[in-house]
Amino acid sequence: MNLGSIVDSVLDRAVVPGYSRLGYRIREHAWSGDPAPQALRGKTAMVTGANSGIGKAIADGLAALGATVVMVSRNLERIEGARAELAAEHPDADLRAAVCDVADLSDVRRFVTELGARLPSLDVVIHNAGLLPEARAETADGHEITLATHVLGPVLMTELLIPTLAASPDPRVILMSSGGMYTQALPVDDPEYRVGPYRGATAYARTKRIQVALTPLLAERWKPDGISVYCMHPGWSDTPGVVTSLPTFRKLTKPLLRTAEQGADTAIWLAATQPAPPTGQFWHDRRQRPEHYLPFTRESNADRARVWAYCAQAIGLPDS
Ligand SMILES: NC(=O)c1ccc[n+]([C@@H]2O[C@H](COP(=O)([O-])OP(=O)(O)OC[C@H]3O[C@@H](n4cnc5c(N)ncnc54)[C@H](OP(=O)(O)O)[C@@H]3O)[C@@H](O)[C@H]2O)c1
């Protein structure tokens with residue numbers, strides 16, 4: 001391990017410096033090269049939650065690399081506004097606005113049916129949409145809202161997009177998790193958070209943990225179609241989501257928070273770097289990261305399989 005690598009790992013374990021803009025600033029001098037200019041020319045990428053924060057910054061970065069970008073949001077007006085802003089910055093880019101509520105499984109099915117008919121192939125999908133709710137809420141399908149938004153919707157959407165992804169020579173799927181997942185174990189017995197007092201931050205971190213735990217299984221599942229899957233966390237970025245959901249955290253940490261662009265960096269890098277990084281891993285700041293720091297969060301393969309079986313059944317898939 002060289003000195004840069006040791007400093008990087010210390011930053012990660014110390015959390016505050018690593019997740020903040022300090023970590024980004026220190027690491028960016030040492031990390032592997034930027035994707036080549038126009039690395040995504042001729043490719044099509046889709047980003048959910050692209051009207052705001054990190055998702056909008058990801059769409060911006062993908063467009064700068066030459067990709068056709070499908071910007072997905074649950075609100076037409078908001079996504080048209082974001083698309084128009086990016087189009088002004090990238091007059092030559094092909095930016096498309098699309099509407100889907102990723103937490104609503106029927107809407108995911110409708111969206112893929114309509115989108116699948118329009119796209120000959122799809123090279124990158126970035127499941128960025130996320131939320132930290134104030135109170136427990138259920139979707140129309142009866143699923144807890146963070147589970148539906150962070151796990152069920154993204155997995156169903158990817159499953160339905162497999163034929164379109166498989167038409168790409170190098171399809172990549174990225175799940176946007178959070179460093180908050182380090183604090184939570186896999187909710188094996190209660191994935192829908194029905195037991196105990198509900199805390200939005202706990203629900204958020206548990207479902208971000210599920211994303212990390214399922215990534216190796218999804219990598220195996222999607223490997224026969226040539227699809228690579230990555231999970232990542234963006235550090236702490238100053239975004240509209242943080243303003244609304246974590247006002248006290250933002251007040252205390254504001255000078256240290258990353259920009260949305262810095263939070264978006266690893267997603268853009270995973271989408272565009274060559275060769276494709278190894279599938280099934282967890283990433284932050286362009287490096288593979290441990291899935292656990294606290295012993296009580298470790299799960300067994302059987303635990304992962306149980307949570308996968310639950311999710312597969314919830315979205316109507318065979319679990320093998
Ligand atoms: N900012 C951070 O420090 C941080 C740290 C760790 C992880 N993350 C993750 O990074 C991602 C982006 O977060 P952000 O900070 O940029 O937050 P943000 O500004 O609130 O953006 C979240 C985006 O997700 C969209 N969204 C939420 N639920 C949706 C649904 N059901 N269907 C479609 N879109 C939906 C939001 O749309 P609306 O505008 O309609 O609400 C918004 O566009 C999230 O997954 C978040 O958990 C962020």
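Biologist: Take helix 7 and helix 8: is their crossing left-handed or right-handed?

Modeller: The crossing of helix 7 and helix 8 is right-handed. Keep in mind that this is a predicted model.

Start with the geometry of that pair. Helix 7 covers residues 145–166, and helix 8 covers residues 200–222. Their axes lie 8 Å apart. The packing angle is about 20°. Angles under 35 degrees count as roughly parallel, so helix 7 and helix 8 are roughly parallel to each other.

Now the residues that touch. Helix 7 contributes Thr146, Leu147, His150, Val151, Val155, Thr158, Glu159 and Ile162. From helix 8 come Ala203, Tyr204, Thr207, Lys208, Ile210, Gln211, Leu214, Leu218, Arg221 and Trp222. By class, this contact of helix 7 with helix 8 holds 10 nonpolar, 5 polar and 3 charged residues.

One of these residues leads on to the ligand. Tyr204 of helix 8 takes part in the helix contact. Tyr204 is also among the residues that come nearest to the ligand, together with Asn51, Ser52, Arg78 and Thr239.

A polar side-chain atom of Arg78 sits 2.6 Å from a ligand oxygen atom. The side chain of Asp101 has an N or O atom 2.8 Å from a nitrogen atom of the ligand. Ile54 uses its backbone instead: an N or O atom there is 2.8 Å from an oxygen atom of the ligand.

On the helix 4 side, the contact is made by Gly53, Ile54, Ala57, Ile58, Gly61 and Leu62. On the helix 11 side, Ala260, Glu261, Gly263, Ala264, Ala267, Ile268 and Ala271 make it. The classes for helix 4 with helix 11 are 9 nonpolar, 3 polar and 1 charged.

Helix 4 also meets helix 5, residues 76–89. Their axes come within 10 Å and cross at roughly 35°. The crossing of helix 4 and helix 5 is right-handed. Lys56, Ala59 and Asp60 of helix 4 meet Ala82, Glu85, Leu86 and Glu89 of helix 5. That contact of helix 4 with helix 5 has 3 nonpolar, no polar and 4 charged residues.

How values were computed: Residues are numbered from 1 along each chain as its sequence is written. This is a predicted model: local features need pLDDT of at least 70, side-chain atom pairs count only at pLDDT 80 or more; totals for chains, interfaces and linings use all residues. Side-chain values use heavy atoms; hydrogens and water are left out. Contact means heavy atoms within 4.5 Å. Helices (H or I, at least four residues) and strands (E, at least two) are DSSP runs, numbered from the N terminus. Ala, Val, Leu, Ile, Met, Phe, Trp, Tyr, Cys and Pro count as nonpolar, Asp, Glu, Lys and Arg as charged, and the others, Gly among them, as polar. Axes are lines fitted to C-alpha atoms, for helices over the stretch in contact, and angles run from 0 to 180 degrees between N-to-C directions. Angles under 35 degrees count as roughly parallel, over 145 as roughly antiparallel, 65 to 115 as roughly perpendicular and the rest as oblique. A crossing is left-handed if the near helix is turned anticlockwise from the far one by less than a right angle, and right-handed if clockwise. A residue is near a molecule or strand if one of its heavy atoms lies within 4 Å of it. A polar contact is a pair of N or O atoms within 3.5 Å; within protein, one must be able to donate a hydrogen and the other to accept it, and residues adjacent in sequence count only if both atoms are side-chain atoms.
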